[in-house]
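Student: Could we go through this structure together? I would like to begin with the terms and then turn to the residues.

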Amino acid sequence: MQQDYDLIIAGGGLAGNCLALALKDTGLRMAIVEANTCEQLYASPAGDRALALAAGTVIVLDTLGIWKGISHAATAIKHIHISDRGHFGKTRLSAEKEHVEALGYVISARDIEAHVANLVRDAHIELICPARVVGLMSGENEVCASLKQGDESLNVSAKLFIGADGGSSSVRKLLDITQHTTEYGQTALVTTVRSTLPNKNTAFERFTASGPLALLPVAKNQCAVVWTRTNEDAEALMSGGEANFLTELQQCFGFRLGELSLSAPIRAFPLSLIRAEKMVAGRAVIIGNAVHQLHPVAGQGFNLGLRDVVQLAEMLIKQHERNKDIGAADFLKEYAVSRKQDHDWTIGFTDAVVKIFSNEWLTLAVARNAGLAFLDHVPAAKSFLTRHAMGLAGHMPRLGSNR
Ligand SMILES: Cc1cc2nc3c(=O)[nH]c(=O)nc-3n(C[C@H](O)[C@H](O)[C@H](O)COP(=O)(O)OP(=O)(O)OC[C@H]3O[C@@H](n4cnc5c(N)ncnc54)[C@H](O)[C@@H]3O)c2cc1C
């Protein structure tokens with residue numbers, strides 16, 4: 001059976017679903033193709049990871065009508081404390097000094113993903129699920145996709161095909177887009193801890209010889225932990241039992257929050273940087289983790305993906321209003337050009353943080369400590385860094401006045 005849409009989005013994760021919500025009132029005929037059922041996605045251990053949302057991201061989520069349904073489940077970050085274990089350098093960022101309510105918010109990935117999926121369902125956006133994209137053919141006037149739904153095969157066509165199917169994107173492979181992968185040899189260990197002292201809405205980022213450790217506030221006396229270790233260390237910590245994990249964690253973080261105890265299972269996420277060589281091929285474009293899967297050290301992955309979503313949605317709305325082809329090559333090229341600088345900056349920044357702060361060479365240790373001390377004493381530099389981290393430094397595209 002041949003079905004026709006204006007656009008098809010492969011992947012009903014955060015990027016794909018947010019894009020569909022941004023376009024829901026445009027009259028564009030669209031469908032989301034998602035490989036897993038809601039129940040499978042909700043039960044996935046990956047949902048246990050905490051996401052730090054930049055202040056700019058929260059503004060966008062609010063505009064999309066998403067934030068009001070999840071704000072109660074999010075914890076404000078009022079202070080950020082960055083330190084280098086065993087060295088003098090440290091810096092503190094504060095919402096009060098930036099004259100903002102919060103520097104960002106922390107929320108469990110499961111809470112935001114489930115809420116966004118519910119909004120998609122309530123908006124009656126067509127969902128083809130569970131189904132996988134297994135073939136793609138881009139022609140002059142349309143793009144045709146083959147889907148596998150159980151044992152059934154389904155062919156669909158659209159003016160534009162959007163790959164939002166994550167770091168292992170099938171769409172990226174089907175479009176023959178080359179990917180560049182940097183293996184960091186690191187794994188993120190993710191859990192939640194209770195602390196005997198309150199965190200006072202402080203996010204801690206501690207750089208250590210064995211890798212960065214982040215404690216993000218999720219309640220008065222509870223923090224989400226993202227601890228990056230070498231693959232070998234992570235394996236040893238995972239197999240060494242919870243008591244041993246906790247002892248090592250406490251030793252690494254210190255007693256700034258008193259005594260820590262585990263309040264969630266420990267999950268392991270192998271880390272690599274994946275960057276697609278290009279964002280567009282024929283009548284298809286890839287967004288979110290399908291284009292850039294980042295190390296979580298700087299908490300930028302979804303924040304960057306949402307900026308793809310907003311820019312693409314804004315451009316699609318204008319193109320559609322002008323009655324122009326939403327899959328036209330020059331239009332998609334314009335989109336790709338508009339996103340390149342933000343990708344380069346955010347990916348370069350994250351990669352540099354991983355490399356500089358995972359290194360014990362004396363010169364690098366001295367330089368990064370001097371950098372942290374410099375930041376702590378030069379308000380303008382600190383404010384510049386803070387506003388970039390908050391996603392308020394000018395590269396956050398905004399949805400127009402149509403909502
Ligand atoms: C430990 C950890 C901590 C993180 N912390 C942060 C943070 O603090 N801040 C932040 O901004 N980001 C963070 N991130 C990154 C963030 O989680 C991701 O950037 C974001 O979830 C990616 O969303 P996405 O929709 O692009 O991809 P995904 O969430 O991977 O969604 C892709 C969807 O596509 C579906 N799919 C896959 N293949 C197919 C197919 N062939 N056909 C149809 N559907 C398909 C999948 O089932 C999935 O639902 C973190 C990541 C990790 C691992």
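Tutor: Let us begin with one term: contact means heavy atoms within 4.5 Å. This is a predicted model, in which local features need pLDDT of at least 70, side-chain atom pairs count only at pLDDT 80 or more, and totals for chains, interfaces and linings use all residues. Residues are numbered from 1 along each chain as its sequence is written, and side-chain values use heavy atoms, with hydrogens and water left out.

Student: Leaving aside neighbours within four places in sequence, which residues is Phe161 in contact with?

Tutor: With those neighbours set aside, Phe161 is in contact with Ile8, Ala10, Val133, Leu136, Val143, Ala145, Val171, Arg283, Ala284 and Val285.

Student: And which residues have the most contacts inside the largest nonpolar core?

Tutor: They are Ile112, Phe161 and Ile162, in a core of 79 residues. A nonpolar core is a set of buried Ala, Val, Leu, Ile, Met, Phe, Trp, Tyr and Cys residues joined through side-chain atoms within 4.5 Å. Buried means under 20% relative accessible area, exposed over 50%, and partly exposed in between (1.4 Å probe, protein chains only).

Student: Which helix gives the most to this core?

Tutor: H8 does, with nine residues; helices (H or I, at least four residues) and strands (E, at least two) are DSSP runs, numbered from the N terminus. A second, separate core has 20 residues, including Ile80 and Leu216.

Student: Changing topic: which residues come nearest to the ligand?

Tutor: Of the 31 residues around the ligand, those are Glu34, Arg49, Ala52, Asn289 and Phe302; a residue counts as near if one of its heavy atoms lies within 4 Å. Helix H1 (14–22), strand S3 (50–54), strand S9 (132–138) and helix H8 (301–321) each supply at least two residues of this shell.

Student: How far is the polar side-chain atom of Asn289 from an oxygen atom of the ligand?

Tutor: That distance is 2.7 Å, and a side-chain N or O atom of Arg49 lies 2.9 Å from a ligand oxygen atom.

Student: Now Leu197: is it buried, exposed or partly exposed?

Tutor: Leu197 is partly exposed, because its relative accessible area is 40%. Leu197 lies in the loop between strand S12 (179–195) and strand S13 (202–208).

Student: Which residues is Leu197 in contact with, leaving aside neighbours within four places in sequence?

Tutor: Those contacts are Asn221, Phe255, Arg256, Leu257 and Gly258. The C-alpha atoms of Leu197 and Lys220 are separated by 8.6 Å, with the two residues 23 apart along the chain.

Conventions
A polar contact is a pair of N or O atoms within 3.5 Å; within protein, one must be able to donate a hydrogen and the other to accept it, and residues adjacent in sequence count only if both atoms are side-chain atoms.
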